Amino acid sequence: MNRIIKLCFSMILLAASSVPAMAAAPVELSSDVFIEKQEKRPDGSFSTVLAKPSMILPGDQLVFVVRYRNAGNKPATNFSVTNPIPAAITFSGTSDGAEVVSIDGGKSWGKLSQLRVNNADGSSRNALMTDVTHLKWQMNQMLAAGDAGKLIFRGVVK
Amino acid sequence: MTNQKHLSHFASYHLHGLRIIAYCSTAALTLLASSNAYAAGTLAGTDITNIATASYETGGTTVDIDSNPVVIKVDELLDVTAVSGDPGDVITTNGAQNVVSTFRITNTGNGPESFRITPNVVNGGDDFDPALVQVVIDSNNNGVYDPGVDTAYVAGTNDPLLAPDQIIRVFVLTNVPATQNNGDRAQVRITTAATTGTGAPGTTFAGAGQGGGNAVVGSTGADADASGFLLINAASVSLVKSATVLDPFGGTTSVPGSIITYTLTATVSGTGTLNNLAINDPIPASSQYVASSMTLTGGALTDAADADQGNFNGSRVSVSLGNVAAGQSRIVTFKVRVQ
């Protein structure tokens, strides 16, 4: 096991070090995470604020932000963004609702309302947010040079 | 725990869809699935990593790119519960030694944590205070105090280290004073506290969590207490009387001249000992005590008020049984002649 672990680590390092090289690609993609916190206003009421996640506990609400930008000088077509839901996170929705989701590790895709989960006894039920393993946004329009945007999804720490 | 932390780390990388480490994933995913089952949620020290990937076409070729990985670490929640492990009051008697009160402590946090245990036998609102002997950890985890096998607890030396959801039993041994009244109760109490720290929910101990994150006091305050009770319940005695008849003709009819043998069985139940137990039985009317017919558990007794336990004073038999422990019986017989 140890050897495999070390191997995994070195591969992860390789993968990580390849990220900067991708910066040369025309389209840039960045990921960020925030925690939703209730902050007390001076008048005693509460407001929800996004904060840097300095402390994370089970049950915390996280907001993941994926930013994209066409930094090149050519348009990009068939642009899609895929985001696997981290294992310790339960998906709890996106801000635009334009995504398709997978509940089987990215093999098949669809709107959440159209997906069904097969039970062990042969019956099936409607898929829930807790079943979601992957998100995908498929942009139908061309991403022109200089175009940018962001995609937002929420999750709860299991 | 370090292993689990590392493996979940791998799992999160696997989920980025990096094919080159895909073969590492099976074991990691299994472990993650089990870690999700913890009552308190994701284990402290778990890294949550998010990477998005994008795909697009430009100049006729398809390009795949990954975002930067964003990694956050799950902090440690400090939570604990404690309950009495006794089904009810622990029934005991005056002067009893090493009376066992059982408690169960559960780590309801999401990280491994050691817990300090403080016993308290001096409590208000009860009838007496037993003397604390020691606290013992149920080290063989069988739920029963095993003298010489289970480990004595020394605060600060062997504070039990509990994994998330792990339960440990501890025994508080006490001695009961010699002169309590029947029905008196005593409270035996433990307090247990996370050694990392306690406080109001939300209190944070920076960097003190499993895996280098923070440790945060959860809803229990990271401490808990539980009470059990001792109850003085002295023994009780039951007396059963039976008779056999032998008539002058060898039959069993009760006619003048028949001999009736009475058998009195005294049984002490409950716990403890009944002291100075005595049986008195008047001789029925129309019958006459048969001299020197008293026996105690098979041994003959004299009728005189003397050194032995038996005495017939002309109207009743009396047998002093002395101190009889619970669970024991004494059988007294004597004979009368029907007039």
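## Helices and strands of chain B

Chain B carries 2 helices and 26 strands; here helices (H or I, at least four residues) and strands (E, at least two) are DSSP runs, numbered from the N terminus. This is a predicted model, in which local features need pLDDT of at least 70 and side-chain atom pairs count only at pLDDT 80 or more, while totals for chains, interfaces and linings use all residues. Residues are numbered from 1 along each chain as its sequence is written, and chains are lettered from A and ligands numbered from 1 in the order in which they are written.

The predictor's confidence in each residue is pLDDT, from 0 to 100. Its mean over chain B is 86, with 88% of the residues at 70 or more. Where pLDDT is low, the predicted coordinates should not be read in detail. For the model, ipTM is 0.78 and pTM is 0.66.

Three strands of chain B form an open sheet of mixed pairing, in the order E5-E16-E15; two strands pair if DSSP finds at least two bridges between them. At the edges are E5 (76–78) and E15 (204–205) of chain B, each pairing on one side only. E15(B) runs antiparallel to E16 (residues 215–217) of chain B, joined by 2 bridges, and B:Thr204 stands opposite B:Val216.

## The nonpolar cores

A nonpolar core is a set of buried Ala, Val, Leu, Ile, Met, Phe, Trp, Tyr and Cys residues joined through C-beta atoms within 7 Å. Buried means that 20 or more other C-beta atoms lie within 10 Å of a residue's own, with C-beta atoms placed from the backbone. The largest core has 74 residues, and B:Ala54 and B:Val170 have the most contacts inside it. Strand E14 (residues 185–194) of chain B gives the most to this core, 5 residues. Apart from it lies another core of 13 residues, including B:Tyr289 and B:Phe312.

What does B:Ala54 touch beyond its neighbours within four places in sequence? Its contacts (C-beta atoms within 7 Å) include A:Val27, A:Tyr68 and A:Phe79, as well as B:Ile65.

## Strand E3 of chain A

A:Tyr68 is also on the covered face of strand E3 (residues 61–70) of chain A, whereas A:Arg69 is on the uncovered one. E3(A) pairs in the antiparallel sense with E1 (residues 27–40) of chain A over 9 bridges, and with E10 (residues 148–157) of chain A over 9 bridges. A:Arg69 is the bridge partner of A:Glu28 and has A:Ala148 as its partner in E10(A).

Definitions and conventions:
Buried ≥ 20, exposed ≤ 12 C-beta atoms within 10 Å, placed from the backbone. Contact = placed C-beta atoms within 7 Å.
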